Amino acid sequence: MTDGVPLSWEDVAKTHGRKIYNFAYRLTGNPDDAKDLAQDVLLRVERGLANYTPGSFEGWLWRITRNVFLDDVRRKKRRPTTALPDDLDRTNLISTPAPDEVLASIRLGDDVQKALLGLPYDFREAVVLCDVVGLSYDEIARAVAAPVGTVRSRIHRGRKLMREALT
Amino acid sequence: MIHLGELASAYLDGETTQQEAAKLVAHLGSCQACQREMEDLHAARSLLRSLPVLEMPESIRVDLGLVPNVVPLARRPLTWVGAATAAVMIFIVAATATAPDPVGLSLREVSIQYEQQTLIDGGVLPVVGVVQAGGGQ
């Protein structure tokens, strides 16, 4: 890495692949769609990295990620919401604590995921970028090409709707 | 009274200015509604942040060719198993072509002919004797 910019496409896959996949999974709620999207993002990064000009790498990467997702939504002509599958892909869970904890966490995770999928796209995207990916408001603003004030509002409203859906 | 609104979420994320934070803290001290909202927002934020982190499927790395020493099946060189299988297939075809028409022969006779053929050709095919049920005499 140089100034936060990965040197190669392989570095991007190594350092950001998991985050990209989790972003895609939380937006779609579907492991197959998430896999396709993550793969498309990495391919687009490979093509675009040569023309990348130093700046906000995170903003650049997440703008690509977002565009891939929106392109896919347009291509499939579907609302950017899909139903949660019955058989969530649980084989890729990173940590495996005690069985009881895993079950409780999965049930809770399912509820949270369902609530997430019920959010309007802009709110869902904002809370996922903030709370799942861990971007700052500035980085989210660059990624979604919106003012920071709009991002702040979307995150707030998204969380309020999440809370209402889960009570 | 003006409530906190979106300032509350921003405060939880450390995304407020010092002035905004001071205003928020002062307001929270005297507004129960905003205290409750703050608690709700904190709970929603915690739930989102506690979602399990998923590992990127290995198949993505494989599909993109990022995993070293993984050659697609079609491009793999013949292993000894593959070579042995090919040899066996060739032998069977050759033996079938040179053997007399087995029509009218018993299964035992066919088996014996194949065994003899194997010895003559020095083939590697492990010969499994075929014995008719109740036969042998």
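Asp13(B) lies in the loop that runs between helix 1 (7-12) and helix 2 (18-28) of chain B. Helices here are DSSP runs of H or I with at least four residues, numbered from the N terminus. The model is predicted: local features need pLDDT of at least 70, side-chain atom pairs count only at pLDDT 80 or more, and totals for chains, interfaces and linings use all residues. Residues are numbered from 1 along each chain as its sequence is written, chains are lettered from A and ligands numbered from 1 in the order in which they are written, and side-chain values use heavy atoms, with hydrogens and water left out.

Asp13(B) has a relative accessible area of 16% and is therefore buried (under 20%; exposed is over 50%, partly exposed in between; 1.4 Å probe, protein chains only). Its side chain makes a polar contact of 2.9 Å with the side chain of Arg159(A). A second polar contact, of 2.7 Å, joins it to the side chain of Arg45(B). Such a contact is a pair of N or O atoms within 3.5 Å; within protein, one must be able to donate a hydrogen and the other to accept it, and residues adjacent in sequence count only if both atoms are side-chain atoms. Beyond four places in sequence, Asp13(B) is in contact (heavy atoms within 4.5 Å) with residues including Cys130(A), Tyr137(A), Ile155(A) and Arg49(B).

Over all chains, the structure holds six aromatic pairs. Rings of Phe, Tyr and Trp (its six-membered ring) pair if their centres lie within 6.5 Å; planes under 30 degrees apart count as stacked, over 60 as edge-to-face and the rest as tilted. Phe57(A) and Trp60(A) form a tilted pair, because their centres are 5.6 Å apart and their planes stand at 40 degrees. Both residues are buried. Phe69(A) and Tyr121(A) are stacked, at 5.5 Å centre to centre and 10 degrees between the planes. Phe69(A) and Tyr121(A) are both buried.

Helix 5 of chain A also meets helix 7 (residues 148-165) of chain A; the axes come within 8 Å and cross at roughly 100 degrees. Axes are lines fitted to C-alpha atoms, for helices over the stretch in contact, and angles run from 0 to 180 degrees between N-to-C directions. The two helices are therefore roughly perpendicular (65 to 115 degrees). Cys130(A) of helix 5 and Ile155(A) and Arg159(A) of helix 7 are among the residues that meet here.

Notes:
Parallel < 35°, antiparallel > 145°, perpendicular 65-115°, else oblique.
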